Amino acid sequence: MKSFKLTRQEMDEIASRHPTPFMVLSLAKVEENYRFMRKHMPKAGIYYAMKANPEKAVLRKMAALGANFDVASGGEIEMLHELGIDASRMIYANTVKDFQGLETARRVGLRRFTFDDRTEIAKIAAYVPGADVLVRISVANDKALVDLNTKFGTHPEQALELLEAAKQAGLHPIGICFHVGSQSLSTAAYEEALLLCRGLFREAERRGMRLTDLDIGGGFPVPSADGLSVDLAQMMEAINRHAERLFPDVDVWCEPGRYMCGTAVNLVASVIGTKDRADSRWYILDEGIYGAFSGIMYDHWTYPLYCFGKGKKCRSTFAGPSCDGIDVLYKDVMAPRMEIGDRILVSDIGSYAGVSATRFNGFRIAPTLVYEEEVEQASAGLPADREAV
Ligand SMILES: *Cc1c(COP(=O)(O)O)cnc(C)c1O
C-alpha cells in the first residue's frame, strides 16, 4: 500500500489558496487503511485509538466505516459524544483514569474500562458500578519503537487476582488486554502474547470466571517508515490466524492508532530563511519541532522529506522557526538548493504529529485540510469551459 502523497501541482494549487504551513489529510487513504485491516484481520473488531489523530474528519470517517473507539480522557470522550457517537462504541483504555474522565464516562454511559492495578478498582466502581473491566498485562517486545510495557500492564501472574478483586467490588470482569508497544515490527510479540492470554483465559475459567473479551491493543506499524519494509498483510493475517485458532469463542478486538492515519497526511511548509554555513546550507522552515514535527521528539520519528528547489543538490540542514536550538529537523541531508519561498512536502506525518503540536513562541498550529474537499474546491474554481476536461 502506497502512502498518500500530493503531486507538486496539487501542493502548489492548495498553497495558492492557503498559507503554509498546513497539513493535508486524505480521507480516502484512511478508508483504504481501515478496509485493509478489516480484510486481513476479519476476526478482530476495530477500536480506533483516537489519540493518534483526533481530527473531526477522521473521527467521522471512522464512525461511518463502523469502527469503535479507544479513548483515554474525558476530553476524548466528549469529542466523540459531540459527534453523536454512542458510548457503547467506546472503551476507556487508559489504565489510570482521572476523576474528570470517570465523571464524563458516567455521564455519557461509557461502561468498559481497562485497569492494571488494584487501586483503580474502587475508582471505577464508585463512578460506574457494575462496569465491564479488562485487566492489562505487560508483555515482552524489544521490536517496538515505543515501549508501552514499562509504564503499563500488571505482571501476568497478578492478572487473575486483579480480575477477582474487581469482581468482589461488584465490577464485571470480561477479559484481558495488552499492547505490544507502538510501531511493532514483530508479529511474534502478538503471537506470544496471545498464547500467554490463552493460558490465563483457561485458568480464569477454572477459577469460575468466564472471560469473553480479548483486546490485543495497537502497535500495527506504518509500513513505509524510514527504510522499513513490513509486510502488513502477512503480519495481520498471521495475528488473525492465531487469534482464530486460540480464541474461537472469544470477542477479539484491536486498537490501532498509528497505522490508521500515519500514511494519510502530508505537511506542506515553506523556507522562510537560509544560512550558508561552511559544512551545510541551512533552511529555516515555517514549521518546526514544537509544531507538526513534534513527533520527532515525542514519537522518536523521522518523516520522508521532499524538496522542490531547482538548484543542484548540496548538504542541507532543515530547522524550525522557533528560538530554540533543539528545533532542528533534518541534519546534513542531500537536497536541491532552495531559496526563500520554496516549499517542502513531508509525507507519512498523520499520526502522533500534529496532535502534539504546541503554540511555543507564539506560532500558530498548522491547520489540517481535507484533500478530497480541496480537490473539489479546486475544480469548482476552474473556468467553466475547462470543467468538462
Ligand atoms: C496508544 C494506544 C493505542 C494505539 O497504539 P498504536 O501503536 O498507535 O497502534 C492502543 N491502545 C492503547 C491502550 C494505547 O494507549
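In the predicted model, the largest nonpolar core comprises 108 residues, and those with the most contacts inside it are Tyr48, Leu110, Phe113, Ile176, Phe178, Leu214 and Phe293. Such a core is a set of buried Ala, Val, Leu, Ile, Met, Phe, Trp, Tyr and Cys residues joined through side-chain atoms within 4.5 Å, where buried denotes under 20% relative accessible area, exposed over 50%, and partly exposed the range in between (1.4 Å probe, protein chains only). Helix 8 (residues 188-206) supplies the largest share of this core, eight residues; helices (H or I, at least four residues) and strands (E, at least two) are DSSP runs numbered from the N terminus. Leucine 110 is in contact (heavy atoms within 4.5 Å) with Val71, Ile77, Ala87, Met90, Tyr92, Ala105 and Val128, its neighbours within four places in sequence being left aside. A second, separate core has twelve residues, among them Leu6, Met11, Phe22 and Phe308.

Residues are numbered from 1 along each chain as its sequence is written. As this is a predicted model, local features need pLDDT of at least 70 and side-chain atom pairs count only at pLDDT 80 or more, whereas totals for chains, interfaces and linings use all residues, and side-chain values use heavy atoms, with hydrogens and water left out.

The ligand is surrounded by 14 residues, of which the closest are Lys51, Ser182, Glu255, Arg258 and Tyr352; a residue is included if one of its heavy atoms lies within 4 Å. Of the 390 Å² of accessible area that the ligand has on its own, the protein covers 92% (Shrake-Rupley method, 1.4 Å probe).

Two loop residues were also examined. Asparagine 149, in the loop between strand 7 (144-146) and helix 7 (159-168), counts as buried because its relative accessibility is 14%. A polar atom of the asparagine 149 side chain lies 2.9 Å from the backbone oxygen of histidine 179, and asparagine 149 also touches Ile137, Ser138, Val139, Val180 and Gly181, among residues beyond four places away in sequence. Cysteine 323, by contrast, lies in the loop between strand 15 (313-319) and strand 16 (328-336) and counts as exposed because its relative accessibility is 75%.

How values were computed:
A polar contact is a pair of N or O atoms within 3.5 Å; within protein, one must be able to donate a hydrogen and the other to accept it, and residues adjacent in sequence count only if both atoms are side-chain atoms.
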